[in-house]
Structure formats: structure tokens, C-alpha cells
Amino acid sequence: MKKKADGLKGKLTAYGDAGFSYFLRKSFTKSLGYHDDELARPVVGIANTGSGLVSCHGTVPQLIEAVKRGVTAAGGLPLDFPTISLGEPFLTPSSMLFRNLMAIDTEEMIRAHPMDAVVLIGGCDKTVPAQLMAAASVDIPAIALVTGPMMTGSYKGERLGACTDCRRMWGEHRGGRIDEDEIDEISGRLMPTSGTCMVMGTASTMACVTETLGMMLPGGAAIPAVHSDRLRNASATGAAAVAMIERGGPRPSEIITPAAITNALRVLLAIGGSTNGLIHLAAIAGRVGIEIDYEAFDRLGRETPVLVDLKPSGQHYMEDLNKAGGLAPILRELASLLDLDCRTVTGRTLGEELDAAAEPWPQEVVRPRDNPLCAEGGIAVLGGNLAPGGAIIKHSAVTPELLTHEGRAVVFDSIHDVDRRIDDPALDIKADDVLVLRNAGPKGAPGMPEAGYIPIPKKLAAQGVKDMVRISDARMSGTAFGTIVLHCAPEAAIGGPLALVQDGDRIRLDTPARRLDLLVSDEELEKRRAAWTPPAPHEGAERGWLAMHLAHVQQAEKGCDFDILAGKPSGKRAPI
């Protein structure tokens, strides 16, 4: 080895006798059938996030074995270890409530165990950012491996994919155009294989962002979960982890720089990526002391077109992006806007990896910059008196006529209030009204669930209404679409302006001007603020994880990370 690794001699158990600690560890490891020469090798930890409750990770056992092959062939000792895993559809109230818990689990297991490098196997949308947050905090050589997207399904000849088409079909069901038997049959055809959602949802977004950051092997973001290339990518990832040990890095702190974060934000905009990607990048950047400059991000969006024709902004799916060359054609189109000198896990720069990528070929998924899907990036940052701390809108996936809109507020005080009243025939609602959901933020929900995609009231859906302006302090799934304003900050639960909105107030959305305003006088708002009282404490808020979350979670602009986990501020900002 070019660089001596600690291997099994690292991070010895504290018995007050280092020699005995190593003797005992070696003896227990030998009980697993290893030879002495294997135990002398550098150790590559492999984070095992397989779970019967995370269907996106159904291929993790095969990926672990493939990583092990790569590590062993390169001269390392692969040792997998379990962490918690998060499957969005299985967790209540939201997997986001537990992202920081997974980050803590992953960080502490890496810190506590003897490993010289770590392979992080993730997939479902909160698992990858949790792992990157952990890696940034521990700062040993780390490399991400995603499970990859599912293949598309089919129903009566129509191509379907999770979960954009899930939402579209469910909307048709709510509107009475698809009956119970048919929607049940569709549910068995939307997701035909293991893997993450096959549209540009949060999982695919984070895969593309992670590759852009340089924390993944080039070409790894778009390979479908069930392709043999995914296993070859896993094996190569294991070998790359050993190479990182030999080189002495690079470590996450050497990869996750303001320039790399800027590249990632640029790609987030160009792919029409999930709004959640912005929250997760803010949290990852915060772990190395970098602050997101949202005004600069919005400027970035005005000059970065949407180039990827994928649902929910376009028409294709991730397997099509893989056939088109994966991330490489996107990076080629953006090359003049990127910092190509950023380092990657291979030890080479982003530019060097792009030069080494396969030559381009004719394809229709990634548009040229002179013929984009949208002239501006997928996400815009809004200000105004309803969002003094900022709000965002995925304007690549909205109804264009609603980008500028004024309407009457119809207010829901909680997610449960939406569930209780949204389909009430007596609800006073019209198609040009503005749906407002509050107390659904980091503290208010708790956990800032993906509730911003407020359903169209059933009586309007039955009339053919498919979109309305919707505003909340919640998040939205990256697979969702519609004219939806999210992440209003500060959130209502801590007294943000959303808490002061009343039924019948006029609200104006002006996306081109980047404003979201409550058309109520300052004097009236001051009266309402004086009369406001915070919502009652959540059930169970006095103990356990929920108590810790409520005590330490930061607002959306800080990525909803815990204040006690964020890195020391460096004074650096991104984008630059």
C-alpha cells in the first residue's frame, strides 16, 4: 500500500490495554473464517441499508456482495455494517423526520468502527443525503453507491412510472374517471422492479447531484437497479474505496467545496430536479460550514435552462436517461457554466472525468442549451411578506397560466385538517382560490412531510380541475407537479406569516417577480400577530427522538439539519 492503513488496529475498544484490545478483536474476527493475511488489509466499511420496509433497497444484498468483490480484488477487507434505513411510503408522519436520525446513526457507526474508508449504499430519497451528511462530518474517505431507479411499468399500452404517474392516476380516480377496480389494477403495474422512483424525483435528483458533487463514481447515477451494469458499478465502487485509502483521499471535506456545491446546484436546476434537493444540499453544505445563498441560487436559476426531458417536468424516465448516456451529456451541455477543476472520489477532476466519458450519440432526453425544455432552471426562490425567509416553487412543473395569480385564501391549519375537510361538499372553494396549508414545517408537522401537494378538492376534481395554486410550509415529493409554493419560512408553528392568513384573504403569486404576498395591511397583520398563540405541543413531544428533533431542528433554509450537528461556520457561501 502507498499509505499505511490502520485496518483492524484502528479505533480499538477501550479496555486500558491496547494490545489486549487488538488481540480480542482479531480473535473474534477470525471466528468469521478470515486468514491472518486478510486481517492485515485495509478495512472498507459498507453501510448496509437493506430493509423489508424499504422497497427501493431490494437489491442491496446483491450490491453488498458486488462491492465486496471489488474491495477484495483491490486488496482490501470489506466489512458491512447495518444502519437504519428510510422508506418514504412506510414512515409516519414522514421519512424526513428521521433523516437526521439516520445521519447520526451512520456517522456514529463510521466513527466507532475500524474502517479506513466507507462505501455508502443508499437509494430512497432521504437515505442518500443522510449518508452524505454523515460522511461530511466524519471526514474519512467515503464513496456513495445508489441502488438505482426502477424500470417502467405498463398499463393498457401506456408507459407508467412511480410516482409521477401514481399521482396523475390517483387524481383521475379522485375525479371519478378511474374506478376502484381499475385503480387497484394500476397499483400493481406502476412499479414492476426493485429500485427507486424512475422519474426525476428526489431519489434520482440526489443520485445526479451526488455524482456532480464528485462523491460517486462517474456514470453511477442513472443505471437501473436491475441492470448488470449496476452490479459492475458496485464492484468498481469497492475497488475505488481501496484506491482512496492508497492515495490518502480525497476526503469529503476536500470534495464538498463551495465550487462543488455550486456545480450541484446548477445541475439540480438543469435536470428539473426535486425541490427537496435544495434542502438536502443545504444540510450537506452546512456539515462543512458552507451556507447556501438563496438570492445567488435564484440568479443561477435564471441563467440555467432545464435540459432534461424527464417526468414530472417532461416526458421520459430514468432508464431513458441512462440509455442517453446518464449524467455525462448533461454535464457536457453545462460545461462552460461548471467549475471543472473540482475533485472527485477517483482523485481526478470533474473535467478529467468528463473528458474520459464515452463520446456522445444522438438522443432526445437531454436537450441542447439552445433548445431547452424550459428557458430557466426548474426552481425559483420567492420573497414577499408571506415568505420573508424565502419560499420556493418548481416552476418547470406548473400550469403556466398560474405562475402569476391572485386568489382568495382557503386555509387549513394542519395536515389532519386537510384530510378532514378537503373533500367536504360544504367546503367553500372555487377553482381560482388559493389553498393554504400551515403548521406542516420542520417543527409544526413535525418533520416537514411531503404534504405540500395538497389534493384538489374532490368536487373540483370532478369538474375537471387539475391544478390550483397551493402554498405551505411543507415539502413536496420530487415526483409531484403543479403550481405549488413550498418551504415558506419562517414556518407557521414558530410564528411565521403563514400563521396569520385567514380564510378570504387575497394572496398574490408573481413568479416572474419572485414574490408571494398576502394582500393585508401591515396594521392588520400586527393585530393578528399580537393575538397569535403557538399550536399545542405534539403528542409524545416530551421524550425520545421527537423531543430531540423539536429542540434542535433548524428551518428549511438551513436544510432542516440539527443545530448541534452543523459544521463550524466557515464564512463560505454557495453558489459562488
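Student: What makes E8 and strand E9 (residues 391-393) a pair?

Tutor: Two strands pair if DSSP finds at least two bridges between them. E8 and E9 have three bridges, in the antiparallel sense, so they count as paired by that rule. Strands here are DSSP runs (E, at least two residues; helices are H or I, at least four), numbered from the N terminus. Val381, for instance, stands opposite Ile392 in E9. Keep in mind that this is a predicted model, where local features need pLDDT of at least 70, side-chain atom pairs count only at pLDDT 80 or more, and totals for chains, interfaces and linings use all residues. Residues are numbered from 1 along each chain as its sequence is written, and side-chain values use heavy atoms, with hydrogens and water left out.

Student: Why do strand E8 (380-382) and strand E15 (515-518) count as edges?

Tutor: The open sheet runs E8-E9-E13-E12-E11-E10-E14-E15, with mixed pairing. E8 and E15 each have a single partner strand, so one side of each is left without a neighbour in the sheet.

Student: Okay, helices now. Why are H8 and H12 called oblique?

Tutor: The axes of H8 (residues 202-213) and H12 (residues 276-287) cross at roughly 40°. Under 35 degrees is roughly parallel, over 145 roughly antiparallel, 65 to 115 roughly perpendicular, and the rest oblique. H8 and H12 are therefore oblique to each other.

Student: Which residues of H8 make the contact with H12?

Tutor: Thr202, Thr205, Met206, Val209 and Leu213 of H8 do, where contact means heavy atoms within 4.5 Å.

Notes:
Axes are lines fitted to C-alpha atoms, for helices over the stretch in contact, and angles run from 0 to 180 degrees between N-to-C directions.
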